Amino acid sequence: MKKQRIALLGAALATAVALAACGSGGGSGSSAGAAPDANAVVQVGSLYEPQNLDNTGGGGQGVTEAFNGNVYEGLFRLTDDGKVEPLLAASNTVSADGLTYTFTLRDGVKFHSGKALTSADVKYSIEKVLAPDSKSARKSSFPEIKSITTPDARTVTVTLAARSISFVYNLSYVWIVNDQAGNLAAKEDGTGPYTLDGWKRGSSLTLKKNPSYWGTPAKNAGVVFHYFTDGSALDNALLTNAVDVVTSEQNPDALAQFTDNPAYKVNDGHSNTKLLLAFNDKVAPFNDVKVRKAVSSAIDDKKLLQSIWGDHGSLIGSMVPPTDPWYTDLTGVNAYDVNAAKALLAEAGHPNGFTFTLDTPNYDPHPTVAAFVKSELAKVGITVNINVITPDQWYTKVYQNKDFTATLQEHVNDRDVVWYGDPNFYWGYDNPQVTAWIKQAEQAGSEAEQTELLKKANQQIAADAASDWLYLYPQIVVASTKLSGYPVNGLNSQFYAYGITKG
Amino acid sequence: MTRYLVRRAALLVGTLLLASVVLFLLLRLLPGDPANALLSVGATPDQVAAARHQIGTDRPLPAQFGHWLSQLATLHFGDSFVSSLPVGPEIVSRLSVTVPLTLAAFVLAVVVAVPVGFLAAHRAHTWYGALAGLVSQLGIAVPAFWLGLLLVWVFALNLRVLPAGGFPPDGWSSFPDAFRALVLPVVTVAVVMAASLIRYVRSATLDVLGSDHLRTARALGSSFPGAMWRHGVRNAAVPVVSVLGIELATTFLGAVVIESVFALPGLGSMLVRGIAQHDYPVIQGVLFVSTLAVLVVGFLADIAQRLIDPRLRGGIAR
């Protein structure tokens, strides 16, 4: 029960949000010395069991991890460095006004049930994400779609109401499912390199190689995802060879036993998970930019990260992680400086500090971080009252009712800097210039233009200390050295297994 | 006896109904809205209302309760709010871990505790009698999860003779693996259970050993084993059986910590997940099944006591 990584919106809800994380595959791992065994079954250990098997039905982070790219495929795929490449789409064209997308489907693709892939399935799958009862975390990222038409069995045309430069990127999260499959909560019908062999709830999920896959077949005979609720139990499973790889190590204290052991490799990948001290920018004292800057400067993020993750993880000065094209190093903005913090507080009319309540989710690492923040802010005269709340209370009190002064929360979503363009978001940041930049960025004509605008927005929120971005989580995959070809990045919560070989 | 059985069974059904009402109402008192579990970022009030309608929490409580009861009557537990999957099959699947775990631990605990508890009383003044008492004290003091971690460290991480946790994907179809997976959890639960049982057996035995009727039996020429068997065991067994019933019932859901340590898909972890997610059908389903189990165990313990002790059958006890 120790380290459950819960996303933005509390336990169950968060798993839906986590769907949004973007990603990569076919990453690292040492090249195996022994010849890989094509009949080997890879045993994967994970803390994220699917709620159900439908990513538009609340399946959560777990089903993304197990099924994305393995069982289901999209028109596009996100590569290891976050680039979008065609998968089920053989080609696509965009009209001059940027509103009409025409996709041509790859030939010879069959669902696991045997049915051939047609444009009707693609239309059905996109509509499934956008349906009123859809619980897809992608739903809110999609632009308004005017129409989807299917001129012939291999062609899909999508017309948008407004330009959306992220449209193709977002499509890489849309699983193409058989339009005849019906309810997919407990079964699957995808086009991927694996088929579902069994799911023992609370315990494991088994995938086996799809013998009639349209593309490059999987390099192993199958994958078993073993699910754990306790991080130590997961580590023990790895130590006893019950699992070959851990998709995301959440137990910093356990790393030493693998780092010092030649039988294991600890991989530091890229993550999207940011720990925020989020102010309510609409209420006193945090409606004053000077106070926000003072608090940001008074907290030694480096010391905090070191105390929780040791040498793993990294500092970010704003909402954008280094893997996004619009990243700039902003760690120097409102950097740790106690004297500057005191001066800013005096300027803002709080020479003797003030008192505020910090709403703190009750699971790791938030309580530890809250205690650290409290002791740091005490040095500049600010008194912090720590109020521990459950994920559900967080969702209701902070996220829905915005009834808070400041809170701690981990944000797992990719490209979520755009939320600073929404004045109604829970943190209440309202800078019309930033809102305009973010809106323009989405309707930009080129990626260069989009990048330029989002860079400006990101720099502005840092200058305004819209929130205090404490650190970027590490993404650590620990694996047996017998294994190679596994993904190491957690940008999208997914775990492409088809390239894994066991020596 | 038949009349008693009928009366006792009717009481069981009545208690079960009452318990259902109580657990149904208590659940609704929990703060938080289960509809939140269904929504993603930026849900509008309309979507929240739609979600409430979808799972039926917008209906009046009596209607919700009636719906649940009518499902139960046809042996359905409804669909989970969160996963939309039926709750019943998951409960059955998890019972295939929890029931063997509980029963095996129970049998092991009884097999160990009865002789050890007897020795601790009968030979209280020898070194092994004292040792038995000491060991049971220690067993009570040790938290179950710590003992589990210790056993994992010794038998899984170092000796490598048993798995550290998990349960085979195909369950009992691969019997040897399933069996091996349960060895350490069973021992962990059994040790903790046995430790408290030993103390009950010991004190029950001490009572009997000091009793007048046993001394009289011996004075009339019975051998010690003969006197113990005819006049001692039955008397000592009555309080022990009722404690056994309670222990068995507690372990049924109380094994949740052990399930987490050993990554077992048991009923306890299903309940904890359900509570965290406000998943009423899951919580209701698990608690209903476990309440039923507790009541049935209590029923069996009562009958066992009446079989053991004739006084409970007749008018003497009344």
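**Entry 1: two helices side by side**

I started with a definition: a helix axis here is a line fitted to the C-alpha atoms over the stretch in contact, and the angle between two axes runs from 0 to 180 degrees between N-to-C directions. I also noted that the model is predicted.

With that in hand I looked up H9 (residues 224–254) and H12 (residues 280–308) of chain B. Their axes come within 9 Å and cross at roughly 170°. Angles over 145 degrees count as roughly antiparallel, and H9(B) and H12(B) are therefore roughly antiparallel to each other. Next I listed who makes the contact: B:Val241, B:Leu248 and B:Phe252 are among the residues from H9(B), and B:Val294, B:Val297 and B:Ala301 are among those from H12(B). I sorted this contact by class and found 14 nonpolar, five polar and one charged residues.

**Entry 2: the rest of chain B**

How many helices and how many strands does chain B have? I found 13 helices and zero strands. The C-alpha trace of chain B spans about 85 × 55 × 35 Å along its principal axes. Of its 318 residues, 37% count as buried. I then took the contacts between residues at least 6 apart in the sequence of chain B, and 69% of them join residues at least 24 apart.

I also checked the record. An unreviewed UniProt entry gives residues 95–301 of chain B the annotation "domain: ABC transmembrane type-1". In the model, that stretch is 82% helix and 0% strand, with its end C-alpha atoms 21 Å apart. The unreviewed entry also places the feature "transmembrane region" at several spans of chain B, including 101–121 and 128–158. Residues 101–121 are 100% helix, and their end C-alpha atoms lie 29 Å apart. For residues 128–158 I noted 94% helix and an end-to-end C-alpha distance of 30 Å.

**Entry 3: where the chains meet**

I moved on to the contact between the chains: 41 residues of chain A are in contact with 38 residues of chain B. Which element gives the largest share of the chain A side? That share, five residues, comes from H1(A). The residues on this side of chain A divide into 19 nonpolar, 16 polar and six charged.

**Entry 4: a sheet in chain A**

Chain A has an open sheet of seven strands in the order S8-S9-S10-S1-S11-S18-S12, with mixed pairing. I looked for the edges, and they are S8 and S12 (264–269), each pairing on one side only. Helix H5(A) packs on this sheet and touches S1, S10, S11 and S18; its direction makes about 155° with that of S1(A). Inside the sheet, S11 (residues 245–246) and S18 (residues 475–480) run antiparallel and are joined by two bridges. One pairing I could point to is A:Val245 with its bridge partner A:Ala479.

**Entry 5: a covered strand**

Is strand S13 (residues 274–279) of chain A mostly covered or mostly open? I found it mostly covered, with six of its six residues buried. A:Lys274, A:Leu276 and A:Ala278 point one way, while A:Leu275, A:Leu277 and A:Phe279 point the other way.

I then looked up the partners of S13(A). With S16 (residues 406–411) of chain A it pairs in the antiparallel sense over six bridges, and there A:Ala278 has A:Thr407 as its bridge partner. S13(A) also pairs in the antiparallel sense with S17 (residues 468–472) of chain A, over four bridges; in that strand the bridge partner of A:Leu277 is A:Asp468.

Methods:
Residues numbered from 1 in each chain as written. Chains lettered and ligands numbered in written order. Predicted model: local features only at pLDDT ≥ 70, side-chain atom pairs only at ≥ 80, totals over all residues. Contact = placed C-beta atoms within 7 Å. Nonpolar A, V, L, I, M, F, W, Y, C, P; charged D, E, K, R; others polar. Parallel < 35°, antiparallel > 145°, perpendicular 65-115°, else oblique. Pairing = 2+ DSSP bridges. UniProt positions renumbered as here; feature names shortened; annotations may be inferred. Buried ≥ 20, exposed ≤ 12 C-beta atoms within 10 Å, placed from the backbone.
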